[in-house]
Amino acid sequence: MKGTAVARANIAFIKYWGNLNDDLRLPMNGSISMTLDRLRTVTTVEFSPALTKDEIEVDGVEPSPGAKGRIVAHLDRLRSLVGESLKARVVSVNDFPTGVGLASSASGFAALTLAAAAALEMGLEDRELSTLARLGSGSATRSIWGGYVEWVAGAKHEDSFASQIAPPEHWEICDCIALVSTDTKEVASSEGHRLAKSSPLYLARLSQVKEDLDRVREAILTRDFESLGSVAEREALSLHAIMMTSQPSLLYWTPATVRVMKEVRNWREEGHYVYFTIDAGPNVHLLTLPSCVEEIERALGKVEGVRQVIVCRPGQGARLIEEHLF
Ligand code: PMV
């Protein structure tokens with residue numbers, strides 16, 4: 001009753017922000033992302049009669065009570081689906097900083113769902129895994145798949161899951177992540193989703209999203225980088241406008257975040273293929289093409305306040321592996 005899975009984080013071009021139903025994590029709008037090859041989580045889950053409670057370890061330590069509670073609640077959901085009562089040991093390792101807005105909950109809950117489902121011999125299809133992963137973390141629904149992925153919002157649990165628009169080999173977009181902070185975020189995205197509707201701009205954003213989804217899907221299928229980048233950049237600014245005008249207001253940016261955003265626009269003026277997008281955190285993702293990536297990576301490393309640059313390309317979906325962590 002043991003399973004190990006690897007899953008990767010993703011960067012959304014059209015973002016998920018705000019829920020129709022908080023408990024079921026049913027989103028108000030659909031979203032589109034690219035799965036990232038270099039941001040990986042590996043998780044082993046074992047259900048055992050020797051355990052009297054769930055034992056959880058993430059990156060070598062027991063997670064905070066809140067984070068642990070979320071993992072145990074996810075195990076409970078899976079256990080209840082197959083009538084299992086055995087407790088589990090979960091060991092999970094991320095090869096990138098967690099809790100800084102690099103979507104560790106996406107890779108984490110995708111890997112946990114797949115590993116636990118395998119350990120429980122649930123025999124689920126990717127679509128069902130995507131639906132279940134959503135209950136752990138919304139963005140995890142997309143990390144079940146590799147390459148370019150769309151999560152269709154759906155109005156009920158069974159209808160809200162992601163599927164692949166195109167595989168990783170379809171198009172090599174590079175995501176140069178400028179890490180400007182590795183501090184744990186002050187406000188978790190679950191809280192941000194709850195606050196979204198308090199922004200007077202929220203309905204305006206929702207009315208724009210459908211058209212943006214169509215444009216980004218089309219841009220991916222036709223490999224139209226300028227269309228993809230320009231919509232993604234405006235879309236990220238619209239997301240942050242919601243955050244800043246929520247009550248209470250959320251402001252994730254630091255001076256270095258803004259410096260990077262300004263540089264991206266300068267580099268674009270100079271003729272480079274580069275756009276930015278930002279999730280619920282201060283770090284900036286620079287979307288570019290292989291012909292520009294080395295130059296962008298070098299220039300980004302010189303911007304004041306950028307501590308590290310991680311270059312990602314389209315990655316594979318969640319997979320089971322043979323090597324267990326314990
Ligand atoms: O899955 P969550 O609850 O961590 O929310 C993710 C929110 C964003 O990263 C800002 C957007 C997205 O679609 O990934």
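# Notebook: helix packing and selected residues

I began with burial: 56% of the 326 residues in the protein are buried, where buried means under 20% relative accessible area, exposed over 50% and partly exposed in between, with a 1.4 Å probe and protein chains only. I note that this is a predicted model, in which local features need pLDDT of at least 70 and side-chain atom pairs count only at pLDDT 80 or more, while totals for chains, interfaces and linings use all residues. Residues are numbered from 1 along each chain as its sequence is written, and side-chain values use heavy atoms, with hydrogens and water left out.

**Entry 1. Overall form.** I looked up the secondary structure and found 9 helices and 13 strands. Helices (H or I, at least four residues) and strands (E, at least two) are DSSP runs, numbered from the N terminus. The C-alpha trace spans about 65 × 40 × 35 Å along its principal axes. I then compared the radius of gyration with the globule rule: a compact globule of 326 residues would have a value near 20 Å, and the protein has 19 Å, which agrees. That radius is taken over C-alpha atoms, and the rule is 2.2 Å times the number of residues to the power 0.38. Of the contacts between residues at least 6 apart in sequence, 75% join residues at least 24 apart; contact means heavy atoms within 4.5 Å.

**Entry 2. Helices α2 and α3.** I examined the pair formed by α2 (residues 104-119) and α3 (residues 126-136). Their axes come within 9 Å and cross at roughly 125°. Axes are lines fitted to C-alpha atoms, for helices over the stretch in contact, and angles run from 0 to 180 degrees between N-to-C directions. The two helices are therefore oblique to each other; angles under 35 degrees count as roughly parallel, over 145 as roughly antiparallel, 65 to 115 as roughly perpendicular and the rest as oblique. The crossing of α2 past α3 is right-handed. A crossing is right-handed if the near helix is turned clockwise from the far one by less than a right angle, and left-handed if anticlockwise. On the α2 side I listed Phe 109, Ala 110, Thr 113, Leu 114 and Ala 117, which meet Leu 129, Leu 132, Ala 133 and Gly 136 of α3. By class, these residues divide into 7 nonpolar, 2 polar and no charged. Ala, Val, Leu, Ile, Met, Phe, Trp, Tyr, Cys and Pro count as nonpolar, Asp, Glu, Lys and Arg as charged, and the others, Gly among them, as polar.

In the loop between α2 and α3 I found Glu 121. Its phi is near 50°, a positive value in a residue other than glycine. Glu 121 is exposed, with a relative accessible area of 71%.

**Entry 3. Helices α6 and α7.** The axes of α6 and α7 (residues 225-245) come within 10 Å and cross at roughly 160°. That makes α6 roughly antiparallel to α7, and their crossing is left-handed. The contact includes Arg 205, Val 209 and Asp 212 of α6 and Glu 235, Ser 238 and Leu 239 of α7. By class, the contact has 9 nonpolar, 4 polar and 5 charged residues.

Arg 205 is buried, with a relative accessible area of 4%. Leaving out residues up to four places away in sequence, Arg 205 touches Lys 15, Trp 17, Asn 29, Glu 235, Ser 238, Leu 239 and Ile 242.

The loop between α6 and α7 holds Arg 223. Phi of Arg 223 is near 50°, positive in a residue other than glycine, and Arg 223 is partly exposed at 46% relative accessible area. In the loop between α7 and α8 (255-269) I noted Pro 248. The peptide bond from Gln 247 to Pro 248 is cis, with omega near 0°.

Entry 4. Lys 68 is in helix α1 (residues 65-82) and counts as buried at 19% relative accessibility. Beyond residues up to four places away in sequence, Lys 68 touches Asp 54, Ile 56, Glu 62 and Pro 63.

Val 293 is in helix α9 (residues 290-301) and is buried, with a relative accessible area of 5%. Apart from neighbours within four places in sequence, Val 293 contacts Cys 174, Cys 176, Thr 288, Val 311 and Arg 313. I also recorded that Val 293 and Tyr 273 are 20 residues apart in sequence and 9.0 Å apart in space, C-alpha to C-alpha.
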